[in-house]
Amino acid sequence: MPLYRDEAVVLRTHKLGEADRIITLLSRRHGRLRAVARGVRRTTSRWGSRLEPFAHVDLQLAEGRSLDTITQAETLTPFGAGMGGDYQCYTAGTVMLETAERLVTEDKEPAVQQFLLLVGGLRAMTGGERQPGHVLDSYLLRSLAVAGYAPTFLHCAGCGLEGPHRYFNHAAGGVLCVTCRVPGSASPAPATILMMSALLTGDWNEVERLSTTEPRAEREATGIVSAYLSWHLERGLRSLPYVDRARREATPVGALLEDRFPVIPADG
Amino acid sequence: MYEGVVQDLIDELGRLPGVGPKGAQRIAFHLLAADPTDVRRLAEALVEVTVKVKFCKTCFNVSSEDHCRICRDPRRDPSVLCLVEEYKDVVAIERTREFRGRYHVLGGAISPIDGIGPEQLHIRELMVRLADGAVTEVILATDPNLEGEATATYLTRMLKPLGLRVTRLASGLPVGGDLEYADEVTLGRAFAGRRSADD
């Protein structure tokens with residue numbers, strides 16, 4: 001059984017037999033992987049929380065005939081630690097994991113950009129400076145872009161004419177000018193198009209400004225992003241309807257982590 | 001391949017969890033060689049389970065009557081309610097002999113990736129149950145994994161406004177384990193929940 005090492009994020013787990021789990025991972029060098037973790041469900045398991053969804057881990061795996069086996073795991077970033085205590089982050093983060101699993105279709109085909117994007121997205125989500133909904137929408141647009149489905153928000157998707165344009169169509173892949181417009185196109189508010197463009201490029205100041213001044217545009221952008229994603233994935237994501245999108249004051253999960261890992265002075 | 005009923009028996013046994021084709025064959029031949037009265041008793045138990053077992057109307061635990069043994073027992077403390085994911089967890093907690101209150105089985109944990117949201121769990125029934133004000137403390141005993149934690153967080157948000165005392169099972173180092181093998185999150189929790197040694 002040849003061994004290999006990789007860095008990965010746990011996307012999903014399935015129960016296997018008495019106490020084992022099949023862990024679906026997105027790894028840096030081997031793309032999507034499915035591997036068995038033996039004994040992980042026992043309370044005395046040496047894996048502990050290292051192989052829970054969201055965990056960013058350094059792994060050693062042994063190649064098997066059908067599934068590989070995880071032989072060692074070290075936590076790099078415990079993204080899951082704060083997620084369980086923050087329902088909004090948990091529901092939004094789950095959509096990110098499901099999207100990553102669906103967009104990286106081939107097992108063991110490297111998908112470095114998707115991996116880096118997911119780690120960055122989870123870091124932003126747990127950093128607490130941004131609204132979980134904004135991080136999610138931005139991640140969805142960018143992961144679609146990495147997968148080759150980047151929507152266009154300025155130039156017409158049909159003829160390339162520079163905008164701004166009024167119409168948006170999923171099938172066409174972005175905004176359309178009056179001439180290229182096809183039946184069934186949405187005609188979102190101009191602020192909605194600006195919002196989506198800012199989410200795709202990561203212009204957080206613009207996202208924050210628009211979400212406070214144009215709350216309707218924010219809701220509309222979320223709807224369009226979800227529909228665009230579902231159209232390209234051919235079937236909807238199971239986790240998407242459960243996202244809790246209530247706007248809130250920044251409650252950093254990073255701060256939650258500090259609560260749970262208090263710094264204890266040496267003198268006791 | 002065996003003839004008719006023997007093959008049917010092997011196929012049916014093979015559908016049980018953890019039983020493979022060889023194992024199914026071994027059990028089938030054991031049953032053929034065993035005392036017919038023993039086998040009939042097993043068959044009756046199987047049939048009875050499908051007819052008699054139902055779910056408690058109050059707490060959704062498995063029961064042979066409308067209300068389970070724990071809900072019917074007047075000695076159990078009605079002011080403390082323990083929320084668990086599955087009825088297997090009720091048995092696990094009962095084995096500790098530490099808890100004298102009552103239970104509410106949620107029927108799983110919130111896991112959006114598997115299409116399970118709050119509506120798929122017995123949360124609405126829980127809120128109805130809490131409406132009469134008899135319960136003063138709710139113990140969240142969901143699994144100490146991500147889904148269990150998220151479910152506990154969601155329930156805390158729902159229950160806090162009712163003015164109840166909401167508690168969560170402690171988590172930390174397992175008895176009989178080694179500190180060096182503890183993962184960062186578990187060890188971190190053990191630190192966060194440390195107790196004064198002179199209590």
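1. Thr75(A) lies in strand β5 of chain A, which runs over residues 68–77, and in this predicted model the residue has a relative accessibility of 16%. Because buried is taken to mean under 20% relative accessible area, Thr75(A) counts as buried. Leaving aside residues up to four places away in sequence, Thr75(A) touches Arg50(A), His56(A) and Val57(A), and also Glu184(B).

2. Glu52(A) is placed in the loop between β3 (31–37) and β4 (56–62) of chain A, and at 12% relative accessibility Glu52(A) also counts as buried. When residues up to four places away in sequence are not counted, Glu52(A) touches Val10(A) and Arg21(A) as well as Asn145(B) and Leu146(B). Glu52(A) and Val9(A) are separated by 43 residues in sequence, while their C-alpha atoms are 9.4 Å apart in space.

3. Two residues deserve a check of their backbone angles, since most residues other than glycine have a negative phi. Phe54(A), found in the loop between β3 and β4 of chain A, has a positive phi near 80°, and its relative accessible area of 1% makes it buried. Lys108(A), found in the loop between α2 and α3 of chain A, has a positive phi near 65°, but Lys108(A) is partly exposed, with a relative accessible area of 38%.

4. How many of the 15 residues of α4(A) are buried? Eleven of them are, so the helix is largely enclosed by the rest of the structure.

5. The geometry of α4(A), residues 132–146, agrees with expectation, because 15 residues at 1.5 Å a residue should span 21 Å and the end C-alpha atoms are 21 Å apart. The helix is followed by Gly148(A), whose phi is positive, near 100°.

6. In chain B, helix α2 (residues 21–33) has 13 residues and reaches 19 Å from its first C-alpha to its last, which is close to the 18 Å expected at 1.5 Å a residue. Gly23(B), Ala24(B), Ala28(B) and Leu31(B) are buried in this helix. Seen down the axis of α2(B), the buried residues fall within an arc of 135°, so they line one face of the helix.

7. Which elements do the buried residues of α2(B) pack against? They pack against α1 (4–14) and α3 (36–52) of chain B. On the other side of α2(B), the exposed residues are Lys22(B), Arg26(B), His30(B), Leu32(B) and Ala33(B).

8. A nonpolar surface patch of about 420 Å² is made in chain B by Val49(B), Val53(B), Phe55(B), Val62(B) and Tyr87(B). Of these residues, Tyr87(B) belongs to helix α5 (residues 87–96) of chain B. Tyr87(B) is partly exposed, with a relative accessible area of 34%, and membership in a patch needs over 30%.

Conventions: Residues are numbered from 1 along each chain as its sequence is written. Chains are lettered from A and ligands numbered from 1 in the order in which they are written. This is a predicted model: local features need pLDDT of at least 70, side-chain atom pairs count only at pLDDT 80 or more; totals for chains, interfaces and linings use all residues. Side-chain values use heavy atoms; hydrogens and water are left out. Helices (H or I, at least four residues) and strands (E, at least two) are DSSP runs, numbered from the N terminus. The expected span of a helix is 1.5 Å times one less than its number of residues. Buried means under 20% relative accessible area, exposed over 50%, partly exposed in between (1.4 Å probe, protein chains only). The arc is that of the directions from the helix axis to the C-beta atoms. Contact means heavy atoms within 4.5 Å. Patches are made of residues with over 30% relative accessible area and no salt bridge: like charges are joined within 9 Å, nonpolar side chains (Val, Leu, Ile, Met, Phe, Trp, Tyr) within 5 Å. Accessible areas come from the Shrake-Rupley method with a 1.4 Å probe; for residues, only the protein chains shown count as cover. A salt bridge is a side-chain nitrogen of Lys or Arg within 4 Å of a carboxyl oxygen of Asp or Glu.
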